[in-house]
Amino acid sequence: MTTFWPYPTIVAHRGGGSLAPENTLAAIDTGARYGHKMVEIDAKLSADGQIFLLHDDTLERTTSGHGVAGKLRWDELNPLDAGSWFDVAFSGERLPLLAEVATRCAQHHMMINIEIKPTVGTDIETGRAVALAAGAMWSEHEVPPLLSSFSVDALAAALQAAPQLPRGLLLDEWDDNCLERARNLQCGALHLNHELLTEDRTSTILDAGFAILAYTVNSPYRARALLAWGVNSLCTDRIDLIGTDFAHS
């Protein structure tokens, strides 16, 4: 028997999957337009403590900026273009603050998985700040935000700061101590690279009492197999192909 899991089967990766610039309000709008009920985003701290969305440590791949994002103040990050790299139609899209994301999710009645994505050396600070902010910003939402991270230190800080929020331990490689580590962090779920999952391993995790969120699943064939094994949720870039009714198709 797994932990309580109030989240939908399909989660839109970085807001809008492959159809919008990742980690932007436009991405969240795109996910909502395709009928999705939950998004996954990445959150980190600016140098002056503002919580904003960005996956990478550095700015070059997805913005008009340069350098390590976490070393810049918010007034330096706010003017950056976070949309043109994807398509000119998204020119002028900005890096959103977590507070803006909370408002947009409320407008769309969407749930959220917030991946805590610390700049190198800021794991504890980022875990604590994101957890406290998420607890406050989503306090009126029916379903609490799901926190996750690869960083054990960030998850431990999140547990201490906001123990009421559910947590998932992210894994890109399997190790035999991960279930114990997840228990120590009082995580209710493992968020796993889907390539790590076999039917037997899925059963082992579920039997241990954890829910499973598998990422990033872009093949309908693979998605059906994982769901048949009992995986609880799939995070996908193909939000047009693997939709909200997929589990019932």
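**Reading a predicted model**

Tutor: Begin with Phe86: at 29% relative accessibility, Phe86 counts as partly exposed. Keep in mind throughout that this is a predicted model.

Student: What is the mean pLDDT of the protein chain?

Tutor: The pLDDT is the predictor's confidence in each residue, from 0 to 100. In the protein chain, 98% of the residues reach 70 or more. The mean pLDDT of the chain is 96.

Student: Which element of the protein chain has the lowest mean pLDDT?

Tutor: Among the elements, S3 has the highest mean pLDDT, at 99. The lowest mean is 97, and it belongs to residues 220-229, which form helix H8.

Student: Is Trp85 buried, exposed or partly exposed?

Tutor: Buried means under 20% relative accessible area and exposed means over 50%. Trp85 has 34% relative accessibility, so Trp85 counts as partly exposed.

Student: How many aromatic pairs are there?

Tutor: Two rings pair if their centres lie within 6.5 Å. By this rule the count comes to four.

Student: What kind of aromatic pair do Phe52 and Trp74 form?

Tutor: The ring centres of Phe52 and Trp74 are 5.8 Å apart, and the angle between the planes is 40°. Planes under 30 degrees apart count as stacked and planes over 60 as edge-to-face, with the rest counted as tilted. The pair of Phe52 and Trp74 is therefore tilted.

Student: How many residues apart in sequence are the parts that this pair ties together?

Tutor: Phe52 lies in strand S3 (residues 51-53), whereas Trp74 lies in helix H2 (residues 74-77). Both Phe52 and Trp74 are buried. Because the two lie in these separate elements, the pair ties together parts whose distance in sequence is 22 residues.

Student: What kind of aromatic pair do Trp85 and Phe86 form?

Tutor: From centre to centre, the rings of Trp85 and Phe86 are 5.6 Å apart. Their planes make an angle of 80°. An angle over 60 degrees counts as edge-to-face, and the pair of Trp85 and Phe86 is edge-to-face.

Student: Which residue forms one aromatic cluster with Trp85 and Phe86?

Tutor: Trp85 and Phe86 already form an aromatic pair. The cluster is made of Trp85, Phe86 and one further residue, Phe90.

Student: How many charged residues does the lining of the largest cavity have?

Tutor: The search of the whole structure finds one cavity of 30 Å³ or more, with a volume of about 30 Å³. The lining consists of Glu22, Asn23, Leu53, Leu54, His55, Thr62 and Leu95. By class, three of the lining residues are nonpolar and three are polar, and the number of charged ones is one.

Student: Asn23 is in that lining. Is Asn23 buried or exposed?

Tutor: Asn23 sits in the loop between strand S1 (10-12) and helix H1 (25-33). Asn23 has a positive phi of about 60°, although it is not a glycine. The relative accessibility of Asn23 is 2%, so Asn23 counts as buried.

Student: Is His109 buried or exposed?

Tutor: His109 also has a positive phi, of about 55°, without being a glycine. The loop that holds His109 runs between helix H3 (98-108) and strand S4 (111-116). The relative accessible area of His109 is 67%, so His109 is exposed.

Student: Why do the buried residues of helix H7 lie on the same side?

Tutor: In helix H7 (residues 199-207), the buried residues are Thr202, Ile205 and Leu206. They lie on the same side of H7 because the arc they cover around the axis is only 95°.

Student: Which residues are exposed on the other side of H7?

Tutor: The side with Thr202, Ile205 and Leu206 holds the buried residues. On the other side of H7, the exposed residues are Asp200 and Asp207.

Student: How far apart in space are Ser18 and Asp240?

Tutor: Ser18 lies in the loop between S1 and H1. In sequence, Ser18 and Asp240 are 222 residues apart. In space, C-alpha to C-alpha, they are apart by 8.9 Å.

Methods. Residues are numbered from 1 along each chain as its sequence is written. This is a predicted model: local features need pLDDT of at least 70, side-chain atom pairs count only at pLDDT 80 or more; totals for chains, interfaces and linings use all residues. Side-chain values use heavy atoms; hydrogens and water are left out. On a 1 Å grid over the protein atoms alone, a cavity is a set of points where a 1.4 Å probe fits but cannot get out, and a pocket is an open set with protein on both sides within 12 Å along at least five of seven lines; lining residues have an atom within 4 Å of a point. Grid points are joined across faces, edges and corners, and a volume is the space filled by probe spheres set on the points. Ala, Val, Leu, Ile, Met, Phe, Trp, Tyr, Cys and Pro count as nonpolar, Asp, Glu, Lys and Arg as charged, and the others, Gly among them, as polar. Rings of Phe, Tyr and Trp (its six-membered ring) pair if their centres lie within 6.5 Å; planes under 30 degrees apart count as stacked, over 60 as edge-to-face and the rest as tilted. Helices (H or I, at least four residues) and strands (E, at least two) are DSSP runs, numbered from the N terminus. Buried means under 20% relative accessible area, exposed over 50%, partly exposed in between (1.4 Å probe, protein chains only). The arc is that of the directions from the helix axis to the C-beta atoms.
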